[in-house]
Amino acid sequence: MNNRNVFWGIVVLLMGILLLLNTMGILPFSVWQIFWPIMLILAGLWFLFGGKFVQPSQESVAFFQPMENTRRAEIKIHHGAGELNISALSTDNHEHLLDGSFGGGMEPSVTKNGDLTTLKLRAPMDVFPFVSFPHRQGYDWDMSLSRHVPLVLKLHTGANKSMLNLHDLNITELKLETGASDTEVVLPAVTEYTKFKLQSGAASVNVRVPSDVAAKIRVTGALMGGDIDLQRFPLVSSQPGDRLYQSADYEASAKQVEIRIESGVGSINIH
């Protein structure tokens with residue numbers, strides 16, 4: 001049992017004792033009158049001194065998800081501070097849907113519905129009642145995904161650095177929500193059609209579109225900086241807060257990616 005569990009176990013035990021004494025009429029006052037002040041005081045003590053006793057594990061935890069009867073998969077990744085690297089498994093690996101190492105730990109959950117596997121990966125959190133706080137040190141995650149099944153990939157990242165090399169993956173849908181991050185994305189080169197939605201705040205995002213993939217790019221957000229390759233993706237329409245860029249051969253192309261960007265004050269580069 002770690003120190004965090006001991007601390008909050010003692011807190012819950014003491015509150016239970018006080019409530020019992022209150023119910024029995026032994027205490028001359030109502031516990032509920034002091035409940036929230038006590039909780040705020042304990043929260044303040046936890047913020048000030050909890051980090052001295054609770055340190056996140058920086059061990060690299062290995063994890064793999066077997067393919068089993070998976071024919072399609074949805075992978076959801078919640079990653080906070082640190083580094084995140086995603087690439088493709090080797091072509092001869094038919095046994096694993098995902099294989100990786102997770103510095104700082106990771107909490108997985110898996111659900112199956114027929115041939116669909118839904119895999120969720122989440123960074124561990126220190127928990128105070130009703131609120132959760134990330135570890136003070138970052139998480140270094142390095143994982144590879146199967147290239148043999150269609151994938152829906154949804155990522156939620158914080159103040160991290162990400163390298164998403166999806167070149168050899170069959171990604172049919174990609175969703176990236178990111179905050180103050182530095183992210184590099186290489187889009188799939190093997191998928192006939194990929195839908196990519198990017199929502200970013202004060203982030204720097206570089207997107208590389210493979211040379212044989214045509215793109216339709218819609219950008220909303222007046223404060224976006226960065227650069228879009230206008231030779232490959234000329235501007236076809238522009239309105240305040242809404243611009244559309246599109247490859248000249250988009251409709252006839254055998255491989256297409258449709259990109260929708262909702263940006264704040266970040267920098268977006270697409271080449």
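## Strand β14 and its neighbours

Let's start with strand pairing: strand β12 (residues 171–178) and β14 run parallel and are joined by six bridges. Keep in mind as you look around that this is a predicted model. Within this pairing, glutamate 177 sits opposite glutamine 199 of β14.

β14 also pairs with strand β20 (residues 256–263); these two run parallel as well, with eight bridges between them. Glutamine 199 turns up here too, with glutamate 262 as its bridge partner in β20.

## The two faces of β14

In a regular strand, side chains alternate between the two faces of the sheet. Strand β14, which spans residues 193–200, has a covered face made up of Thr194, Phe196, Leu198 and Ser200. Its uncovered face carries Tyr193, Lys195, Lys197 and Gln199.

## Aromatic pairs

Now for the rings: there are three aromatic pairs. One of them brings together phenylalanine 63 and phenylalanine 102 in an edge-to-face arrangement, with 6.4 Å from centre to centre and 70° between the planes. Phenylalanine 63 belongs to strand β1 (residues 60–66) and phenylalanine 102 to strand β4 (residues 96–103), so this pair ties together parts that lie 39 residues apart in sequence.

Conventions:
Residues numbered from 1 in each chain as written. Predicted model: local features only at pLDDT ≥ 70, side-chain atom pairs only at ≥ 80, totals over all residues. Heavy atoms only, no water. Buried < 20%, exposed > 50% of the residue type's maximum accessible area, 1.4 Å probe, protein only. Helix = DSSP H or I, 4+ residues; strand = E, 2+ residues; numbered from the N terminus. Pairing = 2+ DSSP bridges. Phe/Tyr/Trp six-rings, centres within 6.5 Å; stacked < 30°, edge-to-face > 60°.
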